[in-house]
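I opened this notebook to record what I looked up in one structure. The entries follow the order in which I consulted it.

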Amino acid sequence: MPDAVETRMRELFDAELNLTDRPMDRAALEHAVSYADVLSPTITDTIDADLIDKAGPRLKMIANFGAGVDHIDIDAAVAKGLIVTNTPGVLTEDTADLAMSLILAVSRRIVEGAQVMQEGRFGGWTPTWMTGRKLWGKRLGIVGMGRIGQSLARRAKAFGMQVHYHNRKPVPDMIAEELGATWWDDLDQMLQRMDVISLNCPATKETHHLLSADRLARLQPHAILINTARGELIDEAALAEVVATRRIAGVGLDVFENEPAVHPGLIGHANVVLLPHLGSATIEARQDMGDRVIANIMTYARGHRPPDRVIPAML
């Protein structure tokens, strides 16, 4: 974690830190849960039912460093009597910034153009070279209208885009009016009418491969697909086939189904922008995430309900 967070943890707790900045292997995780009072994992740590079953009697809390908890078996943790917390809200604006950046990068071929300059291939301006697509007036379909989806909608509205969204239920009328957002209860109907699709929903059993081969086939040939949520939301092999057969205009991905591995069929295409999971990668967000972890632990240690407790009903 950021140095300031680790320093504060050492001051407040008997903290054993992972100083290598590499994911802990299974043996290290099993050792940690065997004696620790609190485990603070990240997305790279798989906290499944088997690991939770191996937890020692001292373990009472899993204080996740991150908003997503799809790497933690919440049901198993609750059954074991463990408190699980996360860090929602603090990375909302950063992730929305990145989603908007990918929309711009893909639609205006920014990465491709930068590569041309780096390689010294710019031969001068011509009327039809490197033309992309403007955003003004385009339809943006947001899948998942939570904090990040709403923040992205505000940015898109400023760019003159028409905001549409699919959610389990409509957002409050006040928010919909502010964003000028149109709710679609049928995801399939929305997908085939949008110019840009952005995935901003959590990864759950229900959303695994939400964009299947069938749904990807519904996208318009000029559509752009953006994912800054979780890689498992897309059938990556099916997406690679869509890209290879040029049935989509562009793709911008910050997350991947088998991260850190990327499907080889997505690499090497000028219209595919790939980023190394940068959604929350700002100094401010990572510091705030660490502060929330500490706040959750301190609140629990003082006998109160942690502010960011996660329960199965929330997922």
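The entries below concern the domains, their interface and an aromatic pair.

Entry 1, ground rules. I worked with a predicted model, in which local features need pLDDT of at least 70, side-chain atom pairs count only at pLDDT 80 or more, and totals for chains, interfaces and linings use all residues. Residues are numbered from 1 along each chain as its sequence is written, and side-chain values use heavy atoms, with hydrogens and water left out.

I found the protein divided into domain 1 (3–90 + 281–314) and domain 2 (92–274), with bounds from an automatic or database domain assignment. Taken over C-alpha atoms, the centres of domain 1 and domain 2 are separated by 31 Å.

Entry 3, interface. I noted that domain 1 and domain 2 bury about 600 Å² between them, 38% of it on carbon and sulfur atoms; buried area is the accessible area (1.4 Å probe) that two parts lose on being put together, summed over both. Ile-43, Asp-70 and Gly-89 supply 55% of the area that domain 1 buries against domain 2, more than any other three residues.

I looked for salt bridges (a side-chain nitrogen of Lys or Arg within 4 Å of a carboxyl oxygen of Asp or Glu). The rule finds one across the interface of domain 1 and domain 2. Arg-230 and Asp-70 form a salt bridge through their side chains, at 3.0 Å from N to O.

I applied the pairing rule for rings of Phe, Tyr and Trp (its six-membered ring): centres within 6.5 Å, with planes under 30 degrees apart stacked, over 60 edge-to-face and the rest tilted. The count is one aromatic pair. The ring centres of Phe-122 and Trp-129 are 6.0 Å apart and their planes are at 20 degrees, so this pair is stacked.
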